[in-house]
Amino acid sequence: MQIKTLATQAFLDQKPGTSGLRKKVKIFQQPDYLENFVQSIFDTLTLPQNGVLTLGGDGRFYNRTAIQTIIQMAAANGFAKVIVGQGGILSTPAASHIIRQYQTFGGIILSASHNPAGPDEDFGIKYNTANGGPAPEKITEAIFENSKVLQAYKIADVPEIDLDGLGVTTIDGFTVEVINPVADYADLMESMFDFAAIKSLLASGFSLKFDAMHAVTGPYAKDILENRLGASAASLMNCEVSENFGGGHPDPNLTYAHDLVDIVYGKQAPDFGAASDGDGDRNMILGKSFFVTPSDSLAIIAANAHLIPAYKSGISGVARSMPTSGAVDRVAEKMGIDCYETPTGWKFFGNLMDAGKVTLCGEESFGTGSNHVREKDGLWAVLCWLNIVAAKKQSVEAIVKAHWGEYGRNVYSRHDYETIPTADANSVIMHIRDQFETLVGQRLGSYEVKTCDDFSYTDPVDGSISQQQGIRILFTDGSRIVFRLSGTGTEGATIRIYLEAYEPNVENHHLDAQEALQEMIQIALQISDLKARTGREKPTVIT
Ligand code: G16
């Protein structure tokens with residue numbers, strides 16, 4: 001095997017965002033662009049001699065090409081072995097599990113998550129550490145610094161690997177093992193949940209519709225829901241992985257998962273609906289004509305975790321990202337366990353889980369998970385809900401309403417304004433920051449501003465500090481508005497407005513969230529001057 005060291009020009013735009021480097025495919029296809037970033041990852045780490053690397057992606061366009069390149073670079077940089085999913089496929093939670101199960105040095109996951117795929121769409125790459133979780137900020141920042149001064153990369157002349165056949169290829173002592181991408185993960189799920197109870201629920205006529213959105217969870221859903229749990233083939237939709245995700249936008253929310261939403265809100269709706277995203281870490285949970293917000297989903301899973309075999313002896317603590325509603329805080333308080341508030345990004349949960357401080361974590365961005373892996377996990381969340389429904393023998397809506405009855409309801413919504421010119425989005429954020437002092441104490445309609453700040457987080461485990469993680473306008477009654485710029489888009493900027501009002505009164509629990517938050521929505525628009533500064537009349541996506 002010949003190893004070459006090739007001279008390269010550094011790119012200055014390889015800064016990882018909320019979850020790795022995401023760019024248009026055309027940018028990744030520039031000569032040396034992918035190679036430079038991969039070399040920057042390897043240069044940042046102290047690579048062990050004869051280490052093993054986990055590798056896989058969500059199956060989107062450019063996945064297979066990138067995998068061959070990364071295999072060649074792993075060989076040149078001293079790895080002894082690469083474990084890769086068949087067809088180049090590994091869902092993000094499955095990749096996390098493979099890293100942990102086979103104790104590999106870490107993994108490279110190729111995904112731009114829920115962003116559309118295809119030659120003119122998005123691609124992404126991120127590095128996960130040996131605990132299975134996304135690299136923390138200190139590593140992603142070091143990768144970025146390396147990328148700006150990189151002068152050469154190493155690549156070996158490993159012949160193209162057949163990704164479609166299972167098995168081991170060895171070239172001069174370097175090994176590539178193509179594994180079944182589903183089996184280990186499906187076994188893990190079977191070990192955690194009461195499959196017998198879910199199986200009887202499905203056999204008893206309880207109907208289910210799962211939408212894989214033409215993305216990576218298709219094969220996982222077929223094995224787990226159909227083969228192992230006996231769901232009918234008709235209960236699964238869009239389960240063939242396609243390189244452009246069927247031309248869709250695999251983001252499991254009320255806007256982009258409209259095929260499923262139409263079914264669940266239509267005549268002859270199933271009892272349960274769920275969808276997952278491009279790389280299988282996000283989830284949306286629906287009952288018959290009923291949407292469960294991700295924040296409520298986390299709180300309800302926490303409150304009912306004892307019904308799930310994996311958590312029957314209790315959970316150590318919970319964590320949520322700052323913009324996620326405080327519903328889970330109320331559950332934690334009642335259970336007498338700690339609740340941590342972190343910045344947006346799953347990477348912030350890793351330390352808490354490794355230190356045993358939390359078992360369950362969740363984010364408003366349709367991510368929920370636990371310490372079984374170090375990524376959020378879409379199908380895990382679906383199984384949590386099926387397990388809870390099977391144990392409680394109640395509908396999804398009845399479970400949510402009973403929860404609101406006990407804890408009150410954190411009425412919640414997020415409004416996204418996508419593809420805003422970056423300068424306009426920055427001007428909105430600066431404009432809000434400029435009002436921090438004047439807003440405090442002001443009465444805006446029925447709300448009075450208590451404090452405004454930029455959220456900052458000190459990691460309780462390693463003491464690292466992350467600043468400017470979103471602007472919070474906190475009202476005296478506990479309601480709040482949060483403004484943040486997304487860190488995952490690839491075109492312009494996305495302004496996210498998160499709205500939350502606490503409603504203790506069960507009588508008002510029928511209210512539509514948009515209706516209930518109407519006044520707060522107007523206040524957010526007024527404070528941000530968003531319409532005038534961006535020319536946008538309404539949000540692109542409401543969840
Ligand atoms: C990623 C991160 C999540 C984060 C989400 C939204 O999800 O893993 O932790 O909540 O992005 O981030 P932002 O608001 O910055 O766009 P995914 O599913 O895209 O990997």
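Author: What follows covers strand pairing, then cavities, then pockets.

Author: One caution comes before that. This is a predicted model.

Reader: What makes β20 and β21 a pair?

Author: A pair needs at least two bridges between the strands. L444 stands opposite Y447 in β21.

Reader: How many residues lie between the strands in the hairpin of β20 and β21?

Author: Two residues lie there, and G445 in this hairpin takes a positive phi near 60 degrees.

Reader: Which other strand is joined to β21, and by how many bridges?

Author: Strand β24 (residues 471–475) is joined to β21 by five bridges. At least two are required, so this counts as a pair as well. The two run antiparallel. D454 has I471 in β24 as its bridge partner.

Reader: Why is the pairing in the sheet with β15 called mixed, and what is the strand order?

Author: Strands of a sheet can pair either parallel or antiparallel. The order here is β16-β15-β17-β18, an open sheet of four strands with mixed pairing.

Reader: Why do β16 and β18 stand at the edges?

Author: β16 (338–342) and β18 (367–370) each have a single partner strand, so one side of each is left without a neighbour in the sheet. From one strand to the next, the twist averages 15 degrees.

Reader: How do you know that β15 and β16 pair?

Author: Five bridges join β15 (residues 317–321) to β16, and at least two are needed, so they pair. Their direction is parallel. G317 stands opposite D338 in β16.

Reader: How many cavities of 30 Å³ or more does a search of the whole structure find?

Author: The search finds four. About 230 Å³ of space lies in the largest cavity. Its lining holds 24 residues, and those closest to the centre are T18, R282, S365, K376 and T488.

Reader: What makes a space a cavity rather than a pocket?

Author: In a cavity a 1.4 Å probe fits but cannot get out, whereas a pocket is an open set.

Reader: Which classes of residue line the largest cavity?

Author: The lining has twelve charged, nine polar and three nonpolar residues.

Reader: What is the volume of the second largest cavity, and which residues are closest to its centre?

Author: The volume is about 110 Å³. Among its 15 lining residues, P16, G20, K126, Y127 and T140 are closest to the centre. β6 (122–128) and α5 (137–149) each give two or more residues to this lining. β6 gives the most, with three. By class, the lining of the second largest cavity divides into eight nonpolar, five polar and two charged residues.

Reader: What lines the largest pocket?

Author: The lining of the largest pocket has 41 residues, with G17, T18, L485, S486 and G487 nearest its centre. Elements giving two or more residues include α5, α15 (422–434) and β26 (493–503). The pocket has a volume of about 1000 Å³. Its lining has 19 polar, twelve charged and ten nonpolar residues.

Reader: Which residues lie nearest the centre of the second largest pocket?

Author: They are F291, R409, L511, D512 and A513, out of 21 lining residues. The volume of this pocket is about 390 Å³. β19 gives the largest share of its lining, four residues. By class, the lining of the second largest pocket has ten nonpolar, seven polar and four charged residues.

Note on methods
Residues numbered from 1 in each chain as written. Predicted model: local features only at pLDDT ≥ 70, side-chain atom pairs only at ≥ 80, totals over all residues. Heavy atoms only, no water. Axes fitted to C-alpha atoms, helices over the stretch in contact; angles between N-to-C directions. 1 Å grid on protein atoms, 1.4 Å probe; cavity = no way out; pocket = protein on both sides within 12 Å on 5 of 7 lines; lining within 4 Å. Points joined across faces, edges and corners; volume = space filled by probe spheres on them. Nonpolar A, V, L, I, M, F, W, Y, C, P; charged D, E, K, R; others polar.
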